[in-house]
Amino acid sequence: MPDPFIKNLSIMTPDEKALISEKKVLVVGCGGLGGANAEILCRSGFCHLTFVDGDRFEGSNMNRQLLCTTETMGTFKAEAAAERARLINPDIDVKAVVGLFNESNARKLVSGMDIVIDALDNVQTRLLLEDTCETENVPLIHGAVSGWQLQVAVCMPGSRVLHQLYANKTSGAGSDVPGGVAINVSACASFQISEAIKLLLGRENVLINKVFFFDLIDKESIVLDFNTENRYPVFTNE
């Protein structure tokens, strides 16, 4: 069978393509952002993936969570992500962890990973994830959405980007902020994986310790650099 990922050579060299296939990626949260990340990671040639989520699909997930279908309704999201990965690439090394990311399993899950994807829906767990990535010296790719807007950040160990970003909003899941829809979770996940690929391949123009905000309706973008005093509204939902 011809290499199904051969056209990825339009954005990377054969050596880079081989390198991507060796990298270990942890995706924490398998809802809207996590499901979109799972799809793009597999099709980008990543072959070592771990998905973490303790929730099951329910009806309200259908509008934005790509892995939510009439067939997967009621099933565990992490297992659906792993099954989707196997359908795309039967040779993939994939693991589903059914359970919440918490203090008892955080270090074990992050240890040994090359990069971690934040697809969570609450601030407290995001901050724990950043703390753990710092302890284990693993880069974290953050993503969050709200309505027509999205934000993405590349958090290097020790940068404390998320702790600064959410300094004034450290509890709850942002129930006062509109949640995601299919268009923004898909766009946000695309930005997240593009930053992950650039970082892992040593490319330039990576959002290292910066936050990218984009409004899909106004097509306005802002890059927040934590060397400045500027602060903008932040999103807590996935």
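**View 1. The surroundings of Ala78.** Leaving aside residues up to four places away in sequence, Ala78 touches Cys30, Phe51, Val52, Asp53, Ala96, Val97 and Val98, where contact means heavy atoms within 4.5 Å. This is a predicted model, in which local features need pLDDT of at least 70, side-chain atom pairs count only at pLDDT 80 or more, and totals for chains, interfaces and linings use all residues. Residues are numbered from 1 along each chain as its sequence is written, and side-chain values use heavy atoms, with hydrogens and water left out. You will find Ala78 in helix 3; helices (H or I, at least four residues) and strands (E, at least two) are DSSP runs, numbered from the N terminus. Ala78 is buried, with a relative accessible area of 0%; buried means under 20% relative accessible area, exposed over 50%, and partly exposed in between (1.4 Å probe, protein chains only). From C-alpha to C-alpha, Ala78 and Gly35 are 8.9 Å apart in space, though 43 residues apart in sequence.

**View 2. Helix 2 against helix 3.** Here helix 2 (residues 32-43) packs with helix 3 (residues 77-88) at an angle of about 25°, and their axes are 10 Å apart. Axes are lines fitted to C-alpha atoms, for helices over the stretch in contact, and angles run from 0 to 180 degrees between N-to-C directions. That angle makes helix 2 roughly parallel to helix 3; angles under 35 degrees count as roughly parallel, over 145 as roughly antiparallel, 65 to 115 as roughly perpendicular and the rest as oblique. Helix 2 supplies Ala38, Glu39, Cys42 and Arg43 to the contact, and helix 3 supplies Ala81, Arg84, Ala85 and Ile88.

**View 3. Asn37 in helix 2.** Take a look at Asn37, which lies in helix 2. Asn37 counts as buried, at 0% relative accessibility. Not counting residues up to four places away in sequence, Asn37 touches Ile117, Ala189, Gln192 and Ile193.

**View 4. The setting of the close-ups.** Stepping back, the protein has seven helices and eight strands. Its C-alpha trace spans about 55 × 40 × 40 Å along the principal axes. Buried residues make up 52% of the 238 residues. Among contacts between residues at least 6 apart in sequence, 68% join residues at least 24 apart.
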